[in-house]
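My notes follow, in the order I took them.

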Amino acid sequence: MNFTSIKKSFLIAFAAFVAVPVSAQDLLAKQAPVDRKMKAVDSMVLKRIIEQEEKYNPSADLYEDWNNVYAHNETTLPDSFRIDLRGFHMPTDSRVLTSNFGARWGRQHKGLDIKVYIGDTIRAAFSGKIRIVKYEPRGYGKYVVIRHHNGLETIYGHMSKHLVVENQEVKAGDPIGLGGNTGRSTGSHLHFETRLCGVALNPALMFDFRNQDVVGDFYYFKRNKYASESAQATRLRGVGGISTSDSDQDDELAIASPARTSNVHFHKVKKGDTLQAIARKHHTTVAKLCQLNHIGKTIRLKPGQILKYN
């Protein structure tokens, strides 16, 4: 085979090799506009779905008025109502409850008390609109009321500082205030209420602070079952709630029974307090204080901090 034949064979082979990629590139080039169109269609469909969901606002069907005056004005509850809990954000990352919803000290406690410290960030539980930002010295202290698109209104009480203003739109998780001890309060904590048509519902029906989660995608409120469901929610997720796993045994919230709860007392830290002084005052030991509160012996105590002792 001479040089000319070799050259000719090489050119034929090279042409065959190049032909496939070129054809493939042509196909891809022709397909690209189609892919872009499909992507645009998909994006438009998704955007339309999101817009439709945002337009669906159950609160508009439940509430006839909007005011910045009354924290709650009870109206007639529907016999049943589906509350969408998706897109939630826990109002605090604290897992420690200090007081349940329901009867307390001869009166009704309309929310849950969650242990927070002065300055802790408090966040909106769901997206919505700020209805009230006020200070009530003999009640909620510095508090915020938010009306949510899912029909609920949430109240956040005893804060040390407001971070929002009335009529402001907020997203779930947005900071709305700082933890505190204002108003009718015996120690720094967050008083958290969930209300439907102005009527207080047990937050434990929807929120599980121990596990930092909601109980499901939806809560189906039914008037004829509410009382029994509320009592069950407190047994499962309230102070003295039933532990659901061995790991809960070490959680601060896992106070196993009412009998044990009655033996637990609380001390509000004052300026200059030390663990040794608190232990002497309450006839206990530093080791027991540390064990009960899950703290170290070298912890720096803060005024307003709540410590348990027995």
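**Salt bridges**

I started with Arg-195 and Glu-193, whose side chains meet in a salt bridge at 2.7 Å, N to O. I take a salt bridge as a side-chain nitrogen of Lys or Arg within 4 Å of a carboxyl oxygen of Asp or Glu. Both Arg-195 and Glu-193 are buried; buried means under 20% relative accessible area, exposed over 50%, and partly exposed in between (1.4 Å probe, protein chains only).

Before going on, I noted the ground rules: this is a predicted model, local features need pLDDT of at least 70, side-chain atom pairs count only at pLDDT 80 or more, and totals for chains, interfaces and linings use all residues. Residues are numbered from 1 along each chain as its sequence is written, and side-chain values use heavy atoms, with hydrogens and water left out.

How many salt bridges does a search of the whole structure find? I get five. Arg-147 forms one with Glu-153, the closest N and O atoms being 2.8 Å apart. Arg-147 counts as buried because its relative accessibility is 11%, and Glu-153 counts as buried at 3%. Salt bridges that share partners join Arg-131, Arg-147 and Glu-153 into one network.

I also looked up Asp-84 and Arg-86, which meet through their side chains at 2.9 Å, N to O, in a salt bridge. Asp-84 is partly exposed, at a relative accessible area of 22%, and Arg-86 is partly exposed too, at 46%.

**Confidence**

I checked pLDDT, the predictor's confidence in each residue, from 0 to 100. The chain mean is 81, and 74% of the residues reach 70 or more. Over residues 243–262 the pLDDT is below 50, and this stretch has 31 contacts in the model beyond near neighbours in sequence. Contact here means heavy atoms within 4.5 Å. Where pLDDT is low, the predicted coordinates should not be read in detail.

**Leu-112**

Leu-112 is found in strand E5 (residues 112–115). Strands (E, at least two residues) and helices (H or I, at least four) are DSSP runs, numbered from the N terminus. Is Leu-112 buried or exposed? Leu-112 counts as buried, because its relative accessibility is 1%. Leaving out residues up to four places away in sequence, Leu-112 touches a list including Leu-97, Phe-101, Phe-192, Pro-203 and Phe-209.

**Cores and helix H6**

I use nonpolar core for a set of buried Ala, Val, Leu, Ile, Met, Phe, Trp, Tyr and Cys residues joined through side-chain atoms within 4.5 Å. The largest one has 44 residues, and those with the most contacts inside it are Val-144, Tyr-156, Ile-176, Met-206 and Phe-207. Apart from it lies another core of 11 residues, among them Val-269, Ile-278, Ala-279 and Leu-307.

In helix H6 (residues 286–293) I find Val-286, Leu-289, Cys-290, Leu-292 and Asn-293 buried. Their cover includes helix H5 (275–281) and strand E19 (306–309). After H6 comes His-294, with a positive phi near 55°.

**A sheet**

Last, I looked at an open sheet of three strands, in the order E6-E12-E10 with antiparallel pairing. Two strands pair if DSSP finds at least two bridges between them. The edge strands are E6 (121–123) and E10 (161–162), each pairing on one side only. E10 pairs with E12 (residues 175–178) over two bridges, and Lys-161 has Leu-178 in E12 as its bridge partner.
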